[in-house]
Amino acid sequence: MTRRAIRRLGFLEWLILLGAMLLAFAGGALVAWLLGEPSGFGFRPTWMVASLFLFVIPAAISLLQIRRDESNLHLMIDKRTNKQDG
């Protein structure tokens, strides 16, 4: 039963990642449509750059937050362990 739950969570993770990627592509297309021609760049290069920024920047922020939370959790566990031990 646990393996099945882990498999489903893995599938859900990939589904969320795919949804984020599709939203980044759609947002990049909107940005390229609004800014591509007036800025002098073509639609496709603007779309690619905008999509990358819309996908990579939130992912980087999310990873930083996850690492910060993990670090805080480890510090809290160490404090509790030290209190109980000594």
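The model is predicted, so local features need pLDDT of at least 70 and side-chain atom pairs count only at pLDDT 80 or more, while totals for chains, interfaces and linings use all residues. Residues are numbered from 1 along each chain as its sequence is written, and side-chain values use heavy atoms, with hydrogens and water left out.

**Overall shape**

- The chain has 2 helices and 0 strands, where helices (H or I, at least four residues) and strands (E, at least two) are DSSP runs numbered from the N terminus.
- With a radius of gyration of 21 Å, well over the 12 Å that the globule rule gives for 86 residues, the chain is more spread out than a compact globule.
- That radius is taken over C-alpha atoms, and the globule rule is 2.2 Å times the number of residues to the power 0.38.
- The C-alpha trace spans about 65 × 35 × 15 Å along its principal axes.

- Of the 86 residues in the chain, 9% are buried; buried means under 20% relative accessible area, exposed over 50%, and partly exposed in between (1.4 Å probe, protein chains only).

**The ring pair**

- Rings of Phe, Tyr and Trp (its six-membered ring) pair if their centres lie within 6.5 Å, and planes under 30 degrees apart count as stacked, over 60 as edge-to-face and the rest as tilted.
- The count by this rule is 1 aromatic pair.
- It's F43 with W47: the ring centres are 5.4 Å apart and the planes sit at 45°, so the pair is tilted.
- F43 and W47 are 4 residues apart in helix 2 (residues 43-85), which means about one helical turn separates them.
- F43 is partly exposed at 32% relative accessible area, and W47 is also partly exposed, at 31%.

- T46 is in helix 2 and counts as buried at 14% relative accessibility.
- Setting aside neighbours within four places in sequence, T46 is in contact (heavy atoms within 4.5 Å) with A32, G36 and F41.
- S51 is another helix 2 residue, buried with a relative accessible area of 4%.
- Again leaving out neighbours within four places, S51 is in contact with A24, F25 and G28.

- L54 lies in helix 2 and is partly exposed at 40% relative accessibility.
- Not counting residues up to four places away, L54 touches A24, G27 and G28; its C-alpha is 7.3 Å from that of G27, 27 residues away along the chain.
- A59, in helix 2, is partly exposed at 34%; A59 and R4 are 55 residues apart in sequence and 27 Å apart, C-alpha to C-alpha.
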